[in-house]
Each structure stands twice: as C-alpha cells, then as structure tokens.
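Visitor: Could you take me through one part of this structure in close-up? I would like to start with a pair of packed helices and then move on to the pockets.

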Amino acid sequence: MWRLLYAVDDEFEKLFKVKVDFDDKMDTGKENELKIAQFISYYCKRKNIKHLDATGVAKVIEYCSRIAENQNKLSTRFSKIAELLIEADAWAEVDKEPYIRDKHIKKAYDEKIYRNNMIEEKMLEMYKTRKVIIDIKERKIGRINGLSVMNLGDHVFGKPSVITATTFIGHKGVINIEREVEMSGSIHDKGVMILEGYLSEKFAQDVPLSLTGKICFEQSYGGIDGDSASSTELYALLSSLGDVPLKQYIAVTGSVNQKGEIQPVGGVTEKIEGFFDICNHFGLTGDQGVMIPYQNIEDLVLKDEVIRAVQKGIFHIYPVSSIEEGIEILTDKSYLDIYERIKGKLHKYADSDNQSTASGKNLKRK
C-alpha cells in the first residue's frame, strides 16, 4: 500500500518523509527466544491468565517457527501468540492445573485447526471414499503424485495431485493441457516450457526432438498456477519416455530449471503433512515419503505425528538437488541407464518421423 500511494500521490512523499519497515520474522537464538518468553510473561500478567511452565514456553517458540515457516526464524506476529495463550489458559483451567503446559498449547493449536479445516476434511474424505483417485502403494509409468497447497486465509493445508504424462511421435513438444483449456497461470506455463528446454539439451544434441508430450493434473477443475510441480511433471515425462515406472508412494514437490537443478518452493511443511495424512489413513507401509528440494530442509516445522513416523523409519523425507538424483530415488535405477533408454526411443521417433517425411515427398512427386 505504501508503494502504491508513493507512486500515485505526489504529496505523499512530502507528508510521510520517514519510512520504517517492520519484519514479521526474527532469527532464532537465546536472545530472541528470551524476548518471546518475556512477552508471554507480560501478556499473561496483563490479561490475568495462568503463566506457562518451561514446556509451555518451548511449545510456543516452536509454534512461532511454524508461523515463520523456518526452523531458524521466529514469527513476530504477537497477536497470533496472544490468541493461542488465551485458549491454552482455558484448557489448563479444564485440567485444573496451575500452569499452562506444552499439552495445553498443542490442544489450543489443534482445536483452532479443527474449527477452520472443514474444507480440508471434506477433501480428505474424497480421497478416502475414492472419489478422488490416488495410488500410494504401487509403481506406474507416466504417473506421479505431486503436492500443492491451498490457502483459505484462516487455514493452510497441503494436498496431493495426480499428474500424468503421455508421449508419442510428433513435433508439438510438451503440451500443457491446463493451458489449452485456459486453466493454467503464466508461472505454471513458464514451468512447463522449461521442461522442453531440459529435454532438448539432454536428448536433442544429435537428432531433432521429434516428440509430442501431454501433461495433465488429473481431476483438477480449478485454475493452476506456480512452478512448484515442474520437477514432478518432468519426472512423469521421463517415466513415459523411458517406460520406467515411478514409485507412487513417494510424492514430489520442487521447481526445476533448464539445467535440471531442483529449486526451492513454498509450503513444504503443509505439503508433507497433507500427503502423510492420506498415507496414514490407508496405512503406512514403511516405504512412503515425500521428495523435496534440499534448500527447503530448514523450512520444515512438522507436527509431532510426522516427526515420530520419520524417526521410526515408517515415513521418509528425501531432499534432492537435481533431476538425475530424484529419478534414481523414484525408480531405483541409474539415471544413466534411464537416459540411454530415452535416447533410444527418441532416435526411433526421429527415424520414423524422417521416414514419414520422405514418404510424403515421394507421394507429392508421383
């Protein structure tokens, strides 16, 4: 708003000469954690509510990192902390305990989610009743589970999206079906175009890229934007070209550049938890997990249930830095072997295309 007024109102700069930006995040560390604790003590005294014990303060600090979406940051949105303290005080009163403990902070946080997550619950029910089809146990060619985030304002949650890819002889390159029906945003369109750049550099150095590939978000009926699924889409294309099945029990997020480097994305914590909830409902097999950009590791502030599953080795988080690294995790095969198979198929496509072109020219001459 400040920048807008500065740009359109000539008098604004004269009236407001000093600009100060307040960050909504600060670094973790003893000094800032002590400031959070001091705010908690001050607020409890001011509102005449129960004080927190050490476990309660630690849980609030953990909650601050979750709001900040980073293990190394703390949120300075104190209004959200205040809301949590007031509700936690009520739960401590129910338990007739003199202090607010970590279990009361967790209960207050969980209850707040419960009041706001009706749409999330409805979507989860659609997966449970198979109205939205998803496979989280098998391996399939040209099919993969991507991850997206839904922000409802008062509630943010992740959900998996089934992405499919088909490939065949042609000259149209990679076709984004969402774009063809005007359901795709410009950033998503850019992400799909990057995939063609990667494929061309890797596989079209000695022969033309004679390929038509189609990418689709299955059972998606709203707009799609963002590039956080671009690496996921590329894995599906490589799977289709190489006839190599992908693990459906590993969901993927992360954008990619034309060189195949995996780039960080937002909402990683919610994406992991969204896929975990579905796997947990159908039964954790010990193989399931999520593949994320390695740069997003510090952004993970996961709920206790997911952390326990990871510690027990029944749910996994795979940080990756390149497409080659990711395709090996998803297939248990060397990327060199997969790429040789893809090159072989693309050479066949090119030969068939050349023969069709030659036949067409001969028919014209006759």
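Guide: Happy to. In this predicted model, let us begin with α4 and helix α5, the latter covering residues 78-94. Their axes come within 11 Å and cross at roughly 140°. An angle over 145 degrees would count as roughly antiparallel, and α4 and α5 are therefore oblique to each other. Their crossing is right-handed. On the α4 side the contact is made by V60, Y63, C64 and I67, and these meet K80, I81, L84 and L85 of α5. Sorted by class, this contact of α4 with α5 has seven nonpolar residues, one charged residue and no polar ones.

The largest pocket has a volume of about 1400 Å³. In total, 46 residues line the largest pocket, and R66, Y109, I113, H155 and V156 lie nearest its centre. By class, its lining divides into 21 charged, 15 nonpolar and 10 polar residues.

Next comes the second largest pocket, with a volume of about 590 Å³. Its lining is made up of 30 residues, with S148, K159, S161, S220 and I224 lying nearest the centre. Two or more residues of this lining come from each of α7, β4 and β5. Of the elements, β4 gives the most to the second largest pocket, namely five residues. As for class, the lining of the second largest pocket has 15 nonpolar, 11 polar and four charged residues.

Helix α10 (residues 230-242) and helix α13 (residues 323-331) have axes that come within 11 Å and cross at roughly 60°. That angle makes α10 oblique to α13. The crossing of α10 and α13 is right-handed. Here S231, L234, Y235 and L238 in α10 meet I323, G326, I327 and L330 in α13. The contact of α10 with α13 has six nonpolar and two polar residues, and no charged ones.

Notes. Residues are numbered from 1 along each chain as its sequence is written. This is a predicted model: local features need pLDDT of at least 70, side-chain atom pairs count only at pLDDT 80 or more; totals for chains, interfaces and linings use all residues. Side-chain values use heavy atoms; hydrogens and water are left out. Axes are lines fitted to C-alpha atoms, for helices over the stretch in contact, and angles run from 0 to 180 degrees between N-to-C directions. Helices (H or I, at least four residues) and strands (E, at least two) are DSSP runs, numbered from the N terminus. Angles under 35 degrees count as roughly parallel, over 145 as roughly antiparallel, 65 to 115 as roughly perpendicular and the rest as oblique. A crossing is left-handed if the near helix is turned anticlockwise from the far one by less than a right angle, and right-handed if clockwise. Contact means heavy atoms within 4.5 Å. Ala, Val, Leu, Ile, Met, Phe, Trp, Tyr, Cys and Pro count as nonpolar, Asp, Glu, Lys and Arg as charged, and the others, Gly among them, as polar. On a 1 Å grid over the protein atoms alone, a cavity is a set of points where a 1.4 Å probe fits but cannot get out, and a pocket is an open set with protein on both sides within 12 Å along at least five of seven lines; lining residues have an atom within 4 Å of a point. Grid points are joined across faces, edges and corners, and a volume is the space filled by probe spheres set on the points.
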